[in-house]
Amino acid sequence: AECVSGCVCPQGLYDDGKGGCVEKKDCPCIHNNQWYSSGQKLTVDCNTCTCQRGFWSCTTDVCYGTCIIYGSGHYITFDGKFYDFDGNCEYVATQDFCGDKNSSGSFSIITENVPCGTTGVTCSKAIKMFLGKTELKLENKDYKENQRDVGGDVRYWNRTVGLYMVIEASNGVMLIWDKKTTVFIKMTPDYKGKVCGLCGNFDDKTSNDFTTRSGLLETHALKFGNSWKQSSMCPDVTEEIKPCDVKPHRKSWAEKECSIIRSDVFKICHSKVDPNPFFDACVHDACSCDSGGDCECFCSAVAAYAQECTKAQACVFWRTPDIC
């Protein structure tokens, strides 16, 4: 009955959020504060989402799980739990021999941690991968193969992709190694809930990732980590090392270098992947690597964040002639 001042769309058309009017079938979608027009596609993990009439319609493929071990004792489990564990020993990263008396596993991946600096923090320097009766040892930028008497036949292929060595096995397990201190372990969804070790149990819940070798649920990373050591001769880790407290003179340098993670360089990623745990891990590593290789530790830490950003569809070009 009465007119209202303002801009509105004619009947049957809809506001497209950019000052125009469109038919319902052409309504845009929003993701991460960005507008996408009808028909545009996005990749999320291994699925594709299409914008249809203002809503996202996504495929529901089941995706590979990924566990990341990097720098001086940082772990991100298959289910996405972030924690630190600095143990000086060999530990089970993941395996499918998990307590069930009749379970016959097909693989196990062991990470060997050694001190990487004078503060006592440790880095993964060598990896052992047991695939059926084949044992692969990855260290010094190369790998060696050994045949054992026990186990079935699991085939594998290795290739180099950019900086990384990739070992892919016929049982659905893949290992990606940067030939330094970063390891990505990927596996097919068939293993959901069937693996154990420092990488957790891959059941889509972070709350029970700290399950010890004996099957108990721990709240503390140290007790959980100690339970997965390979040799009972190794000492248990009793306290968390804070390298920036041990080397306070390195702290401001570390924070300055690592601030790239929180800077505008990574701005498009901040809303997709929380930078704070990666920043803290970076400062920890930059403080601790004080016996040469300090840039290597810093670069691995930033690369870990960049990798998560890429997974979340935020590709960042952060390496420059001055940085890494």
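In this predicted model, C27 is buried, with a relative accessible area of 12%, and its sulfur lies 8.4 Å from the closest cysteine sulfur, that of C51, which is too far for a bond.

With a cut-off of 2.5 Å between cysteine sulfur atoms, the count of disulfides comes to 12. One of these joins C46 to C63, with an S to S distance of 2.2 Å, and the torsion about this S-S bond is about -85°, so the disulfide is left-handed. Since C46 is placed in the loop between β5 (41–44) and β6 (47–52), and C63 in the loop between β7 (55–58) and β8 (65–70), the pair ties together parts that are 17 residues apart in sequence. C46 counts as partly exposed at 35% relative accessibility, whereas C63, at 15%, counts as buried.

The sulfur atoms of C269 and C309 are 2.0 Å apart, and a torsion of about -90° about their S-S bond makes the disulfide left-handed. For C299 and C324, the sulfur atoms are 2.0 Å apart, the torsion about the S-S bond is about -95°, and the disulfide is left-handed. C299 counts as buried at 14% relative accessibility, while C324 is partly exposed, with a relative accessible area of 36%.

C324 also has a positive phi of about 55°, although it is not a glycine. A positive phi, near 70°, is likewise found in D204, again a residue other than glycine; D204 belongs to the loop between β19 (183–187) and α1 (221–227) and is exposed, with a relative accessible area of 54%. In the hairpin of β14 and β15, which has two residues between the strands, N140 takes a positive phi near 50°. Strands β14 (residues 134–139) and β15 (residues 142–147) pair in the antiparallel sense over six bridges, with K137 standing opposite K144 in β15.

The chain is divided into domain 1 (13–58), domain 2 (65–227) and domain 3 (243–312), and the centres of domain 1 and domain 3, taken over C-alpha atoms, are separated by 35 Å.

Terms used:
Residues are numbered from 1 along each chain as its sequence is written. This is a predicted model: local features need pLDDT of at least 70, side-chain atom pairs count only at pLDDT 80 or more; totals for chains, interfaces and linings use all residues. Side-chain values use heavy atoms; hydrogens and water are left out. Helices (H or I, at least four residues) and strands (E, at least two) are DSSP runs, numbered from the N terminus. Buried means under 20% relative accessible area, exposed over 50%, partly exposed in between (1.4 Å probe, protein chains only). Two strands pair if DSSP finds at least two bridges between them. Domain bounds come from an automatic or database domain assignment.
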